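Hello,

Here is the structure I promised to pass on. Please open it alongside this note.

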Amino acid sequence: MLIAITRGISPRFNQCELTLIDRTPIDIDLACAQHRQYELALERLGVRVEHLPAEIDMPDSVFVEDAAVVLDEVAIITRPGAASRRAETESIEKALSRYRKIVRIEAPGTIDGGDVLCLEKTVYVGLSTRSNSNAIEQLRSALGPYRYRVEGVPIKYCLHLKSALTRASKDTLLCNPAWVDRGRFRSWRFVEVAPEEPAAANIVHLPASAIFPSHYPRTQERLERAGVTLTLVDATEVAKAEGAVTCCSLIFTAGRP
Ligand code: CIR
């Protein structure tokens with residue numbers, strides 16, 4: 001059984017961090033409706049959603065993915081790269097401690113979950129403005145005993161590794177080749193985003209179907225042509241906050257090791 005931790009949208013969402021895009025007004029009511037649609041999509045695909053209440057004073061706290069990295073054996077509580085987001089981890093740690101042994105990344109390490117892509121037993125970490133080599137070292141020590149390899153991955157022109165590369169299906173990765181070099185992922189089949197949709201490389205992989213934003217029709221076509229089964233959700237408002245679909249949940253299998 002899969003569980004997804006999600007969190008409601010802060011009424012202060014318009015004060016979110018922005019790194020690479022200009023600020024445009026987020027419609028909070030629409031953002032909440034779209035977020036609900038996302039949670040319903042997860043539920044329809046057989047995932048049990050554990051919805052945490054909105055954190056009023058934490059504008060970016062809907063992006064729960066950044067607060068933790070959940071593997072089968074352990075949950076790593078991150079230390080987010082943006083100082084404004086550090087307090088987000090407390091409630092996430094509490095929620096995850098029911099399911100996993102907890103390890104925390106400590107200062108001076110910083111890492112956002114959006115930079116962490118786990119494929120089988122390799123944990124790839126984007127070398128972004130949010131995640132540093134100290135945190136990668138801490139992750140390596142924490143995950144070594146469970147036989148994970150941890151590799152830093154250079155990225156450019158984007159916020160996180162998972163802005164550039166995510167898993168779309170059992171054997172397929174979705175990527176923007178201008179933002180990450182796909183050379184090290186040779187054993188995977190690739191779908192590239194349509195050039196006019198550079199931010200479309202973020203998709204939620206689930207066994208039954210993948211959750212993908214409805215506002216990237218050209219990339220959608222490419223995914224469908226490659227045989228990826230899609231569940232579309234409207235995600236325009238999180239995109240204005242530099243977020244996408246993976247950012248809004250922490251998905252893991254239930255049960256404690
Ligand atoms: C931030 O800059 O931290 C947020 N506005 C966006 C975070 C998106 N998270 C993600 O891609 N995992």
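Below is what turned up on pockets and salt bridges. Keep in mind that this is a predicted model.

The largest pocket holds about 930 Å³ of space. It is lined by 30 residues, and Val70, Cys118, His205, Ile251 and Phe252 are the closest to its centre. Several strands give at least two lining residues each, among them strand 3 (68-70), strand 6 (116-119) and strand 15 (250-253). By class, the lining has 17 nonpolar, 6 polar and 7 charged residues.

The second largest pocket holds about 460 Å³. Its lining counts 27 residues, with Trp179, Ala199, Tyr216, Glu242 and Gly243 nearest the centre. Helix 4 (161-164) and helix 6 (236-239) each give two or more residues to this lining.

Salt bridges. The count is 19. One of them pairs Arg85 with Asp66, at 2.8 Å from N to O. Arg85 sits in the loop between strand 4 (74-77) and helix 2, and Asp66 in the loop between strand 2 and strand 3, so the pair ties together parts 19 residues apart in sequence. Arg85 is buried, at 4% relative accessibility. Asp66 is also buried, at 4%.

Arg48, Glu50 and Arg98 form one network through shared partners. Glu50 bridges to Arg48 at 3.8 Å, and Arg98 bridges to Glu50 at 3.3 Å.

Best wishes

Technical notes:
Residues numbered from 1 in each chain as written. Predicted model: local features only at pLDDT ≥ 70, side-chain atom pairs only at ≥ 80, totals over all residues. Heavy atoms only, no water. 1 Å grid on protein atoms, 1.4 Å probe; cavity = no way out; pocket = protein on both sides within 12 Å on 5 of 7 lines; lining within 4 Å. Points joined across faces, edges and corners; volume = space filled by probe spheres on them. Helix = DSSP H or I, 4+ residues; strand = E, 2+ residues; numbered from the N terminus. Nonpolar A, V, L, I, M, F, W, Y, C, P; charged D, E, K, R; others polar. Salt bridge = Lys/Arg side-chain N within 4 Å of Asp/Glu carboxyl O. Buried < 20%, exposed > 50% of the residue type's maximum accessible area, 1.4 Å probe, protein only.
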